[in-house]
Structures are given as structure tokens and as C-alpha cells.
Amino acid sequence: MNLLTVENISKSYGEHALFSNISFGVNKDQKIALIAKNGSGKTSILNILSGLDSPDSGQVNYRKGTRVSFLEQEPNMDPDLTIEETIFASDNEVLKVIANYEKALANPEDAEKYQLAFDAMDRFEAWDFETQYKQILSKLKLDDVSLKVGLLSGGQKKRLAMADALINRPDLLILDEPTNHLDLEMIEWLEEYFAKENITLFMVTHDRYFLERVCNEIIELDNNTLYPYKGNYSYYLEKKEARLTQEAVEHHKSKLLYKKELGWMRKQPKARTTKSKSRIDDFNDIKAKAHQRRKEHTIELEINMERMGSKVMELVKISKAYPNKPILDKFEYNFLKGERIGIIGKNGTGKSTFLNIITGTDQPDSGKVIVGETIKFGYYTQKGIKIKEGQKVIDVIREFGDYIPLKKGRQISAQQLLERFLFDRKKQYDFVEKLSGGERKRLYLCTVLIQNPNFLILDEPTNDLDIVTLSVLESFLMDFPGCLLVVSHDRYFMDKIVDHLFVFRGNAVIEDFPGNYSDFRSYEDSAVLESRENKEKEAKTEKKSWKTEGKTNKLSFQEQKEYNNIENKIKKLEEKKVTLQNKFSDASLSGDEIDKLSKELQLVIDEIDKKTERWFELSAIVEG
């Protein structure tokens, strides 16, 4: 069943044409990814599909009654609303029924209003829907629905926008870089959710593992032509290579035919018969094909890195903490030449703080950072480039240098470097404010590299970069002879370029893992499986021990009543624990308030342990 038809749409900004006369369709249950270079108009296409923008020409037609949700790259939400209010602000009719029911529950004295709300819940079959939306909020770790949007981090806002989109149960979900700002745990949950759910998707993403495991079709926009591939990312790579090979063969044939026809044309045939005129027209087509050049640049980074001495960098008992949030605790490490370290961990565990301490933009509470005399940092931060009004692309990079040295004594100018990073001569004299988000990131990367560092530090370098640029960056980093320290949620990227990982577990726990991300994931999965098996063995042992102590296999009336209620009590205690933990994020808490919260949290944790132990005991009697 066709949900969406796009017919001959075009979009330009001034003289710059993004795309023209492109057409495609989206059918039910398709999971489609749109791939294109930065600046090709990917986000503009998504905005047109979602109704936030309109094409200069052409039409976008939806099947009647199709519900559409759009997850923007940078969600725009009211900072004064709570998480719950943001969810209920949706146009979804079922959500409004649930909201009315919850208001009625809060005012039980109005029996008539409660009955109307209750009947509406039945009529709209909202009971299951309520359970599902609460499960989605829980999975996305948005348990405290009373938090205001203005207090949320970038990752939390992205999760809230995702929850809002999923809860609306759209027929078509449009996603613009859904994995940006999410930590690896969230990305893997989202990946699993989309892979198993019967949901129609149309997305733009640079996450190649996500493309591999979620998408069943890929559309590539290349030189204003759409190429569909009915398969995942691996299939796309294979078929694209075959297409490019075939194009190269046809291009070679066109050149040979062009030479032959050129010889014929030079003879200036006198008889302008219909046949010869047709041949002349054909010649012009052949000439156009023969002279066609793919607007594609291969980036060859041959930067001649500055010499690195024997002393690189040593971290001596580094400690750093925020109120009730330890980041580092006497952390020590001695960096060696050529080390390639990836940093992973949940949002808020201190990854960016760690990079800031190393580069001197933040100071540790104690300990010291000893940097070798020959070390020259290149620091690519999440903040990106600062735009100055009226500044052109070429001017931005020249602020950092006019050239960089290449191997064998050669040099490359700032202009040539920009060309290698897909900025043609015309684009170099565009104003920076006209660039897309991905193009700005690409320009920022150039400003870091032109300084010729020998210790590269990259904080989420893959955000907003297209797949072509990512492949180029990976190739460069694989050949980079200096030290590399990178924070990234892009698993494909990490697998290719790092040798080992710093795993930030939270509460100042940092593990040094010898391998890339896939190695770590396999190790973690096996550890979880082993832990589960051990718990099952312990439970069986405990059950046997309780049985040998003369326990009967039948619960008393009071024990049965306790057993029926204990799981619900544990669940409520867990919810109370999460609520208390979230309160610690309030920077305005005084020392006394923190102490009071800590004692209250400990009491809840002790009660959970006590109830859980009792549940095991009662379960063993029931099962025995």
C-alpha cells in the first residue's frame, strides 16, 4: 500500500539549486534511508515531506488519513513544559483521552466526570495504549515525567522527541539523524525496536550499522539523480560499486565513439540528409556523455605530521567531581606514541570533561597533566565553528594557516585542502552562514587539520558528516601516525580506527578495554549471559537449602498475600529510587539537602534488597 508519492520536486536557494525534478514513493512497512553528500538537500527533502517547507515545483501526495511524525535533527520544544505536558500536547486523540482520565483520577469527588473519562478509555481502547507509552518512556529513560524540558540535556531532549514521535503511532515516521546525541545503549535499543516493529520509516542517518540492521531499502541522491537499492547498507555498497564500474565502462566507450564521430564531423559532410542530421544530433549526445565528469572528489590526505618526542602525555592521579557526581578518581595513564584510543559511555559520565582536562580547557580538582614538549593538539569539539557575519569559507581556514606541509617536501594551500574536502572553488567564496550543518562540520575539520597536529582529539566527529566524508576521514585516521583520542557513538567508525577503549561506567569508574567496539560488545554480552547463569544456579541452590531446612512447599494465607503484593512493592521502590537519583542533578542543592537525599536513597536501596531477598524465599517455596 502506497503511503506517499513524491513527484518531480525541486528546491533552490537563490542561485544554488539543491535538487530538481526528483520523484520517489514510500510504501507501507518500507524502511528507507536517503543517502547524499552534505549540502545536497537531504534535510530540505525531509522538511518538504513533513510539511515544514514546500518545494519550488512538483507535488508531495499522501494517502488519505496517513498519520506522519517527524523527528527533527534539533528538536524544537517548549522549555517551560514538563516531559508529561510535552507528550500530552500532541494532536493524538487517544493521548487526550488518557490525559482527561488522569485528571479525573486526581479529582475522584466528581463521579460523573470520572465515569465519562472511564467510558472514553474503553471506547478508544486506551488502556493498552497507556501501558505502551509508559513502556516507551521507561525504555528511553524518561521516568521522571515532571522534569521541565528546559532542564534536559541534548540527549534527553532527543529521547523525548523520539518518545513523542513513537507514542503517536504514525503510519510513517520521518527521521533526521535519529542517533545524534544518543549514547550507545539508546542507539542499540532504538535499532532493535525499529528492526522488529512493523513501522514505516523514511530517514537520513550517517550511522552505517543502523543502516545495515534497520533499513530494507536505500535511496542515493547523487548528482541530482536518485538511485534506489532494494536492500540494506552492505547490499547498497555492493550494487553501487557495480554501478560505478558499469558507468566507467560506458564512459570509456563514449570516449572511443566520440573520437570516431569527431573524425567524421571534421570531414564536413556536404549532404545534409535526414540521416546525417540525425547522426549530428547523436554526436552532440555522445559528446555530452564523453565529457561528463562525476562531481566527486577523492580526498587524499598526506599530511606530514610534526615530529613527536619520546614523552607524549602522562595523567597523574587526576580527580574531578561535580556536586555528588564523581567523574575521575585518581585516574592515571601514560600515553605512548601511535596510541589509538576510543572513549565510550553513557551520556553524563564525563567523556567531554575528560577531553577538556587533557587539553587544558578545564582543570582537574587534583592531580596533574604532563604534556610532552613536542606535542601539538588538534581538538575537534562538539561546539563546532563560530560563524562571523559576512565571513567566507576560504577566510575561515586562512585564519588558522595558509598551507600545510605534505610528504616529500611538498605543500598544500588552504584552497587546495578545501577542494580535497569537497569545497569547490565556487563554494570557497560562499558565505559561511549559507553552508549546511554537515558542511560547517567539514570546514571545522579542515581548520583542525591545517594546524598539522600530532595528537588528534575528536569529540563526536561523525555527527552531521555524510558517509562520503566519513569514509575519507576514516582513511586518513587509519594512516595517521600520531596519537588519536576519540569520543564517538558511531560504532562502525570506532571499529575501524581504534585499538582499545576507555569505558566510562559512571561514578568515576573507567575501564581500559583491549579491543574495538564490536570486541567490547561481544565481551559484554558474554558477561551478561554468564551472570544470568550464575544467578540461576544460586537461586536453585538457595531453593534447595530452604527446602532442607524443613520449609513446607505451601504458603500460609499471610505468606500468599505477601507474595502477591511484593513484586508491586519492589517496582514502586525502584521508581522511588530513580526519582531520588534524578534529584541529585539539581545544581542548586545545598550540602545539607544532598546529605538528606543520600540517606533517604540508601534507605530505599536497603528496602529493595530486603524485599528482593524475601521474594526469592517465597518464590522458592512456591516452585518447590
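This is a predicted model: local features need pLDDT of at least 70, side-chain atom pairs count only at pLDDT 80 or more; totals for chains, interfaces and linings use all residues.
Good morning. Leaving aside neighbours within four places in sequence, Ala-414 is in contact with Ile-394, Ile-397, Arg-398, Gly-401, Asp-402, Tyr-403 and Ile-450.

Ala-414 belongs to helix α13, which covers residues 414-420. Is Ala-414 buried or exposed? Its relative accessibility is 1%, and because buried means under 20%, Ala-414 counts as buried. Phe-400 lies 14 residues from Ala-414 along the chain, and the C-alpha atoms of the two are separated by 9.2 Å.

I turn now to the chain as a whole. The protein chain has 624 residues, of which 44% are buried. Its secondary structure comprises 20 helices and 20 strands. Of the contacts between residues at least 6 apart in sequence, 68% join residues at least 24 apart. The chain exposes about 33600 Å², with 48% of that supplied by carbon and sulfur atoms.

Three strands form an open sheet in the order β2-β1-β4, with antiparallel pairing. Strands β2 (16-27) and β4 (57-62) stand at the edges; each has a single partner strand, so one side of each is left without a neighbour in the sheet. From one strand to the next, the twist averages 15 degrees.

Which strand does β1 pair with over five bridges? Strand β1, residues 2-13, pairs with β4 in this way, in the antiparallel sense. Thr-5 stands opposite Asn-61 in β4. Helix α1, residues 42-50, lies across β1, β2 and β4, and runs at about 55 degrees to β2.

Thank you.

Methods:
Residues are numbered from 1 along each chain as its sequence is written. Side-chain values use heavy atoms; hydrogens and water are left out. Helices (H or I, at least four residues) and strands (E, at least two) are DSSP runs, numbered from the N terminus. Buried means under 20% relative accessible area, exposed over 50%, partly exposed in between (1.4 Å probe, protein chains only). Contact means heavy atoms within 4.5 Å. Accessible areas come from the Shrake-Rupley method with a 1.4 Å probe; for residues, only the protein chains shown count as cover. Two strands pair if DSSP finds at least two bridges between them. Axes are lines fitted to C-alpha atoms, for helices over the stretch in contact, and angles run from 0 to 180 degrees between N-to-C directions.
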